[in-house]
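Please open the model in your viewer and keep the selection panel at hand. The tour below moves from one selection to the next.

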Amino acid sequence: MNDQPNRRPRTQGKSGGQGKPASQGRPGNSGKPHKPYRRPQKDPVRFLAFEALRAVDERDAYANLVLPPLLRKAREQEGPEKFDARDAALATELVYGTLRRQGTYDAIVAACIDRPLREVDPPVLDVLNLGVHQLLGTRIPSHAAVSASVELARVVLGDGRAKFVNAVLRKVARDDLDGWLEKVAPPYDEDPEDHLAVVHSHPRWVVSSLWDSLGGGRAGIEDLLEADNERPEVTLVARPGRSTAAELLDSLDPDSALLGRWSPYAVRLTEGGEPGSLELVREGRAGVQDEGSQLVALALANAPVEGSDTKWLDGCAGPGGKAAMLAGLAAERGAVLLAAEKQPHRARLVGQALAGNPGPYQVVAADGTRPPWRPGSFDRVLMDVPCTGLGALRRRPEARWRRRPEDLEGFAPLQRALLRTALESVRVGGVVGYATCSPHLAETRAVVDDVLKQWGDAELVDARDLMPGVPALGDGPDVQLWPHLHGTDAMYLAVIRRTG
């Protein structure tokens, strides 16, 4: 079975091609009088969800960037039925739920039509998958899910293709999710990876890669894949020197927030919410940052160095979360942070994140593979390199369908070049943190091993000692965090001391 069963190309299809339901003949002339035409009614929640899915598909946009402005626009519109918080919550669930379960829903839709899935136009498939999610992934009654989806199809696709949507969804509604998975997923004993790919809605190559990185048997990988499909908590960071976790927690509803599990600067929003509305966030004294990213920055800051400790570097600083934490920690010790980011627009975001830092810092737009600073200039260097992002699939579910195995080859030279730059930039006795938001072995240990073999005069520091209190960090000396074990993104960190 393919990663996505005959899924259509991720571009707009032709005007036809919607296919027809399996075992569904063309309607004949019944001789009954036609019903009066009824203008379709636009449901603002489902229409917004459809708009977001189309943006993700057509523009390779990310849902977490597309959805907030759509929600703001909907809330600002005047009308008899105001778009409220419940509407926003439903729209968000429809978008993220449909994207997370896309592979599973594709397989189910494919079983309900008589032609390859790739022949179904992308907008039609988006409407279908929105409907399937309502049927199989929410508590919306079946009749309401089908009716609302058909009405959406009438608005965005026209009456002809709405009939197709109606027929397919009525067939889907005949069984629940478990029943469909028994039909469309191959038995685990015959093909474990394909079974997990369909049941947990991940491309097969991603399942295989995560399993290799995680190790162990079936239970661990299933827990990880399930965690990828859960909606993550919003985690805030109290930026060092500007606020504290206690102060941040006191500013929130005590029934909707908790201190972080591992980072002393973290606060978790257990009931969701809009971080941008918080005063401390608006002032830049706090921000949104996964606890795994906080742990990486803290570990680099806490690694022992020999000699001076006054100059720090974040070599891939955009969009600025780790740089803001490092700048605050550096200021507390009388050190200075240089934050470098290749893309000018991302460098501006770094500058915004660091604005108000209590100590001196500098932000530059610079290519980390051709640095403007002299070799051996820094005591600490963090290099959080560009990667496939397979460690953040909870937050960016569309990334699993967008990435391909060949992307690993594209990132590999850059990752190695940036780690070499980091080792060149740190002085002898200083430390480098190599980090990536991917657990794929080709982006983690393989990079570190290759560069250290060529470099020679460097040694790995046991990073587990730099994350006190955090369990299940592996055999070391590097560290791999996991969503299902730590509640964080799957961040990787290797800490290296330059010895010559």
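Is tyrosine 434 buried or exposed? Select this residue in the predicted model: tyrosine 434 is buried, and its relative accessible area is 0%.

Colouring by secondary structure then shows tyrosine 434 in strand E9 (residues 426-436) and tyrosine 492 in strand E12 (residues 492-498), so the pair ties together parts that are 58 residues apart in sequence.

Select tryptophan 180 and lysine 183: the charged end of lysine 183 sits over the ring of tryptophan 180, 4.4 Å from its centre. Then select tyrosine 62 and arginine 402, where the charged end of arginine 402 sits over the tyrosine 62 ring at 4.9 Å from its centre.

Move on to the cysteines, bearing in mind that a search of the whole structure finds zero disulfides. Cysteine 387 has as its nearest cysteine sulfur that of cysteine 437, 5.7 Å away, and is in no disulfide; a disulfide requires sulfur atoms within 2.5 Å. Cysteine 387 is buried, with a relative accessible area of 13%, and cysteine 437, at 15% relative accessibility, counts as buried as well.

Finally, clear the selections and view the whole chain, whose secondary structure comes to 20 helices and twelve strands. The radius of gyration is 25 Å, close to the 23 Å that the globule rule gives for 500 residues, so the chain is as compact as a globular protein of that length. Along the principal axes, the C-alpha atoms fill a box of roughly 90 × 55 × 40 Å. Colouring by accessibility would pick out the buried residues, which make up 55% of the 500 residues, while the accessible surface comes to about 22,200 Å², with 49% of that area belonging to carbon and sulfur atoms.

Conventions. Residues are numbered from 1 along each chain as its sequence is written. This is a predicted model: local features need pLDDT of at least 70, side-chain atom pairs count only at pLDDT 80 or more; totals for chains, interfaces and linings use all residues. Side-chain values use heavy atoms; hydrogens and water are left out. Helices (H or I, at least four residues) and strands (E, at least two) are DSSP runs, numbered from the N terminus. Buried means under 20% relative accessible area, exposed over 50%, partly exposed in between (1.4 Å probe, protein chains only). A charge sits over a ring if NZ of Lys or CZ of Arg is within 6 Å of the ring centre and within 35 degrees of the ring normal. The radius of gyration is taken over C-alpha atoms; the globule rule is 2.2 Å times the number of residues to the power 0.38. Accessible areas come from the Shrake-Rupley method with a 1.4 Å probe; for residues, only the protein chains shown count as cover.
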